[in-house]
Amino acid sequence: QVQLVESGGGLVQPGGSLRLSCAASGSIFSINVMGWYRQAPGNERERVATITSDRNTNYADVGKGRFTISRDDAKNTVYLEMSNLKPEDTAVYYCTMTLRGQSYALTRYWGQGTQVTVSS
């Protein structure tokens, strides 16, 4: 079936940059929307950014200015470039994709998450 796998997380100092990647594998017919969410301990999962199949982007307040979302449809991959990172950006970052797979039903999938820690 379909699987999403994030990569690129890690420890970075305040003011640093990081690029997250999420690749989908399996039998995929089409991917409508790709996005990134994040969740810190004790907090609800919050939307960071989304990107549609025609590359229209939408950023939540937390994602505006410092974050950039992009997609590579040939690789079934979504990216999140983050700059000027702050300690409050520390969270597990999850990718999500709404797509049609083997069943052809429009279904939302989530990755397992990748930890981003911003600390000196």
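A disulfide is a covalent bond between the sulfur atoms of two cysteines. In these legends, a pair of cysteine sulfur atoms within 2.5 Å counts as one. Keep that in mind as we tour this predicted model.

**Figure 1. Cysteine 22 and cysteine 95 form a disulfide.**
The sulfur atoms of cysteine 22 and cysteine 95 are 1.8 Å apart, and the count for this model comes to 1 disulfide. Where do cysteine 22 and cysteine 95 lie? Cysteine 22 belongs to strand β3 and cysteine 95 to strand β9, so the bond ties together parts that are 73 residues apart in sequence. As you look for them, remember that both cysteine 22 and cysteine 95 are buried.

**Figure 2. The whole protein chain has 11 strands and 0 helices.**
Step back for a moment before the next close-up. The C-alpha trace spans about 45 × 25 × 25 Å along its principal axes. A compact globule with 120 residues would have a radius of gyration near 14 Å, and the protein chain agrees because its value is 14 Å. Of the 120 residues, 39% count as buried.

**Figure 3. An open sheet is built from 4 strands.**
Follow the strands in the order β1-β3-β8-β7, where the pairing is antiparallel. Which strands sit at the edges? They are β1 (3-7) and β7 (67-72), each of which pairs on one side only. On average, neighbouring strands of this sheet are turned by 15° against each other, direction ignored. Inside the sheet, strand β3 (residues 18-25) and strand β8 (residues 77-82) run antiparallel and are joined by 6 bridges. To find your place, look for arginine 19, which stands opposite glutamate 81 in β8.

**Figure 4. Asparagine 76 and asparagine 84 each have a positive phi.**
Most residues other than glycine have a negative phi. Asparagine 76, which is not a glycine, has a positive phi of about 50°. This residue is found in the loop between β7 and β8. Its relative accessible area is 22%, so asparagine 76 is partly exposed. Asparagine 84 is not a glycine either, and its phi is positive at about 45°. Look for asparagine 84 in the loop between β8 and β9 (91-101). Asparagine 84 counts as partly exposed because its relative accessibility is 42%.

**Figure 5. Side chains alternate along strand β11 (residues 114-118).**
In a regular strand the side chains alternate between the two faces of the sheet. Strand β9 pairs with β11 in the antiparallel sense, over 3 bridges. The bridge partner of valine 92 in β11 is glutamine 115.

**Figure 6. Phenylalanine 29 and tyrosine 104 make an edge-to-face pair.**
The count for this model comes to 2 aromatic pairs. In this one, the ring centres of phenylalanine 29 and tyrosine 104 are 5.1 Å apart and the planes lie at 65°, so the pair is edge-to-face. Phenylalanine 29 is in strand β4 (residues 28-39) and tyrosine 104 is in the loop between β9 and β10 (106-110), 75 residues apart. Is phenylalanine 29 buried or exposed? Phenylalanine 29 counts as exposed because its relative accessibility is 57%, and over 50% is the cut-off for exposed. Tyrosine 104, at 45%, is partly exposed. The charged end of arginine 100 sits over the ring of tyrosine 104, 5.1 Å from its centre.

**Figure 7. Tyrosine 37 and tryptophan 110 also make an edge-to-face pair.**
Their ring centres are 5.1 Å apart and their planes are at 70°, so they meet edge-to-face. Tyrosine 37 lies in strand β4 and tryptophan 110 in strand β10, so this pair ties together parts 73 residues apart in sequence. Tyrosine 37 has 15% relative accessibility and counts as buried, whereas tryptophan 110, at 32%, counts as partly exposed. Now find arginine 45, whose charged end sits over the ring of tryptophan 110, 4.8 Å from its centre.

Conventions:
Residues numbered from 1 in each chain as written. Predicted model: local features only at pLDDT ≥ 70, side-chain atom pairs only at ≥ 80, totals over all residues. Heavy atoms only, no water. Pairing = 2+ DSSP bridges. Helix = DSSP H or I, 4+ residues; strand = E, 2+ residues; numbered from the N terminus. Axes fitted to C-alpha atoms, helices over the stretch in contact; angles between N-to-C directions. Buried < 20%, exposed > 50% of the residue type's maximum accessible area, 1.4 Å probe, protein only. Phe/Tyr/Trp six-rings, centres within 6.5 Å; stacked < 30°, edge-to-face > 60°. Lys NZ or Arg CZ within 6 Å of the ring centre and 35° of its normal. Rg over C-alpha atoms; globule rule 2.2 N^0.38 Å.
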